[in-house]
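This report describes part of a protein fold and some of its charged side-chain contacts.

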Amino acid sequence: MIFAESHFIKALPVWECGMQKELNHALRFVADVRDYSDALLRISGHTGYQVFINGRFIHYGPARAGRGYYRVDELDVGKYLTRGENRILILASGYFCDSFEWLKEPSFIIAELVSDGKVVAFTGGEGWKAYSYSKKIRKVQRYSYQRPFAEVYDMSRHDVSKEVELEICGEKKFIEREISYPEFPRESVCEIYGGGSVTHIKPEKYYDRREVVNAGKTVDGFAPEETEIISIHKAEELKLCPDGRKPSFPTVMNSDTYISASMKVNTTGFIEVKLRCLEDTELYMTFDELLVDGRVDFTRNHTSNVVLYRLKGGNEYKLITAEPYTFKYINIITSGGKIELSYVGMIRVDFNISEIKVELDSDKASAAISRIYNAAVETFRQNTFDIYMDCPSRERAGWLCDSFFTARVERLLSGKSTVEKCFLSNFAMEDSYKSIPRGMLPMCYPSDFRNPEFIPNWAMWYVLELKEYLDRTGDREFVNDLYPKMLELCKYFEAYENSNGLLERLDGWIFVEWSMCNNLVQDVNYPSNMLYYKFLKTMYELYGDEKYNQKAEKLKETIRRESKIGIFYCDNSVFKDGELTLSGERTETCQYYAFFTGVANDEEDKELWKTLVDDFGPERKETGKWKEIYPSNAFIGNYLRLELLCQNGRYDKLEENICGYFDYMASLTGTLWEHKDIKASCNHGFASHVLVWLDKLGYIKCKSGFKR
């Protein structure tokens with residue numbers, strides 16, 4: 001497969017000598033330049049990087065790619081340069097650890113400034129100097145199992161601005177970014193809703209999730225004895241005691257006090273705080289997407305939602321985190337000294353709102369539909385900065401299956417499939433992947449896992465999405481280029497077919513959804529086989545090989561014959577005395593898989609379809625109907641239900657269910673969630689798919705000048 005190449009004129013990839021494979025190593029790259037009105041900054045790397053010009057935040061990158069490839073940002077920076085000297089600063093955070101967010105590859109930065117066709121500063125040559133960033137503490141706990149490290153800073157350290165020696169990092173393959181650039185708007189908290197005093201009490205038991213605070217065994221990181229500070233434990237020692245105060249900015253915060261503030265809705269970006277430090281202090285920022293029993297639980301989502309700064313009295317600070325975080329509620333806490341706080345907010349990082357070409361038809365929409373629409377748009381924007389992400393908080397990972405649904409939303413909102421093509425392309429950049437079997441696709445990518453974890457079901461969704469991508473774009477060349485990789489995937493599954501053509505005893509993490517379904521995945525799982533039927537049919541539709549069509553039809557007949565108990569489809573068969581026997585267990589989600597994949601239909605399964613439409617849905621728990629059928633969770637069961645209602649023109653039921661499933665989420669966080677409850681992410685990319693159904697219901701219209 002050929003990717004759109006990008007080239008640097010003079011710049012070379014560089015990093016501090018001997019430090020490319022060090023955990024959590026940050027550097028500052030500085031170029032002092034004069035006014036170049038037409039200046040273009042070309043930059044890439046394998047780090048998270050921020051670009052500042054004269055102290056002003058300009059950009060965050062890169063857009064992620066598959067292993068061995070690096071997307072290049074080309075930034076028009078001339079408009080930010082003033083007469084005289086200007087300072088361009090790149091803050092680069094190299095992680096070199098396994099994570100769901102980044103590949104585990106050596107750190108590097110490459111950058112060049114071009115004016116009038118001439119390179120005026122370039123890494124590996126003239127104009128750029130690199131310095132250690134000693135104020136950012138390296139040896140800290142991880143942020144989460146899925147993302148690298150928490151942020152802790154000691155701003156009281158004397159920064160000698162030690163210039164470091166750089167080494168050239170070898171040849172890299174650079175490709176175009178392709179994806180639109182965000183605008184990074186600033187957004188302040190909308191209110192301070194509380195405050196009070198702080199007491200220091202050691203808890204009986206500290207947060208001990210081993211992947212976060214005891215890394216090194218199951219995931220890359222620092223063991224407790226290596227760690228310089230565990231900020232999540234320090235934060236656990238701070239007991240917040242509200243006193244009813246609700247101050248306004250600017251406000252003086254004495255030692256051991258806190259304020260609680262909120263964004264308008266759950267939002268993603270870099271936390272920004274402005275203050276004057278009157279006395280030496282430790283400043284804690286703890287945050288989360290919602291309140292639990294009226295308080296911020298900064299470990300709720302198995303994350304370390306704590307940022308810690310040690311500040312020196314007599315200095316003014318504008319603090320901006322190096323990584324994006326997601327929250328609606330935030331506590332600002334002082335320990336040890338007094339500050340004057342003037343601003344708390346966020347620099348957003350999400351899909352550029354100017355790319356959204358449709359809007360809600362407010363004349364038609366109810367208050368509930370308006371809330372759900374706005375929450376879905378927020379959810380989409382915050383999960384499509386560079387790839388389709390599951391959530392912008394705990395993971396920032398590019399999951400298959402999720403992407404099938406998010407891709408439809410990108411096309412609806414922007415009329416494009418740019419992020420989708422980049423997302424699908426990333427999977428094509430490696431012939432095979434670390435730690436998973438030949439032919440299998442990663443469950444999320446670009447990611448690296450220490451354990452050989454993969455979801456065979458999710459690989460099937462790649463093919464289903466590829467067919468819809470072809471229908472959306474007509475990009476037959478791209479689909480054909482993927483044919484060899486898709487054949488490898490088919491060969492992988494063929495090895496698990498039993499004599500009846502059913503997938504039997506699949507390896508890996510067989511994932512159907514977060515419900516009882518996932519306890520019923522062996523030995524023959526029928527939802528997985530229903531999906532395999534649709535996978536085979538889609539391979540036939542994509543590439544025209546009749547053998548896939550024949551296999552699919554035979555598989556469909558077998559599933560229908562073997563798996564039904566009464567009107568319902570059973571979830572699995574298990575071996576008893578050497579024979580496959582139906583378990584008798586039935587889930588709501590299994591029925592939706594049957595209809596979504598085409599194994600079931602509303603003619604041959606008329607009674608089942610009527611039962612699902614009339615007796616299931618958001619109110620089933622209250623009605624108590626069909627207690628023997630295990631209920632669905634949000635993803636994927638409830639989404640398949642809504643999709644089926646939409647496909648079958650049951651728009652009355654569709655709208656009723658949309659309000660039942662989503663309005664309480666939209667009302668609470670202004671975003672849409674991973675589960676039905678608050679135990680996980682409250683901002684999940686696939687959830688924005690509700691916009692597709694709202695469009696079918698006639699609630700979405702094109703903005704002036706845009707046609708679909």
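The text below takes up a sheet and then a set of salt bridges.

The model is predicted. In it, 5 strands form an open sheet in the order β5-β4-β7-β2-β10, and their pairing is antiparallel. Strands β5 (56–61) and β10 (129–132) are the edges of this sheet, each pairing on one side only. On average, neighbouring strands in the sheet are turned by 20° against each other, with direction ignored.

Strand β4 covers residues 48–53 and strand β7 covers residues 86–94; the two run antiparallel and are joined by 6 bridges. Within this pairing, Q50 has L91 of β7 as its bridge partner.

**Salt bridges**

Side chains of opposite charge can pair when their charged atoms come close. The structure holds 58 salt bridges. Three of these pairs are listed here with the distance between nitrogen and oxygen.

| R276 | E340 | 3.1 Å |

The salt bridge between R276 and E340 links distant parts of the chain, as the residues are 64 apart. R276 belongs to strand β18 (residues 257–277), and E340 belongs to strand β23 (residues 339–348). How accessible are these two side chains? R276 has a relative accessible area of 36% and is therefore partly exposed. E340, at 24% relative accessibility, also counts as partly exposed, because buried means under 20%.

R650 is partly exposed, with a relative accessible area of 28%. D652 has a relative accessibility of 54%, so D652 counts as exposed, the cut-off being over 50%.

R708 is exposed, with a relative accessible area of 54%.

Some salt bridges share partners. In this way D154, R157, E228, K234, E282 and R310 are joined into one network.

Definitions and conventions. Residues are numbered from 1 along each chain as its sequence is written. This is a predicted model: local features need pLDDT of at least 70, side-chain atom pairs count only at pLDDT 80 or more; totals for chains, interfaces and linings use all residues. Side-chain values use heavy atoms; hydrogens and water are left out. Two strands pair if DSSP finds at least two bridges between them. Helices (H or I, at least four residues) and strands (E, at least two) are DSSP runs, numbered from the N terminus. Axes are lines fitted to C-alpha atoms, for helices over the stretch in contact, and angles run from 0 to 180 degrees between N-to-C directions. A salt bridge is a side-chain nitrogen of Lys or Arg within 4 Å of a carboxyl oxygen of Asp or Glu. Buried means under 20% relative accessible area, exposed over 50%, partly exposed in between (1.4 Å probe, protein chains only).
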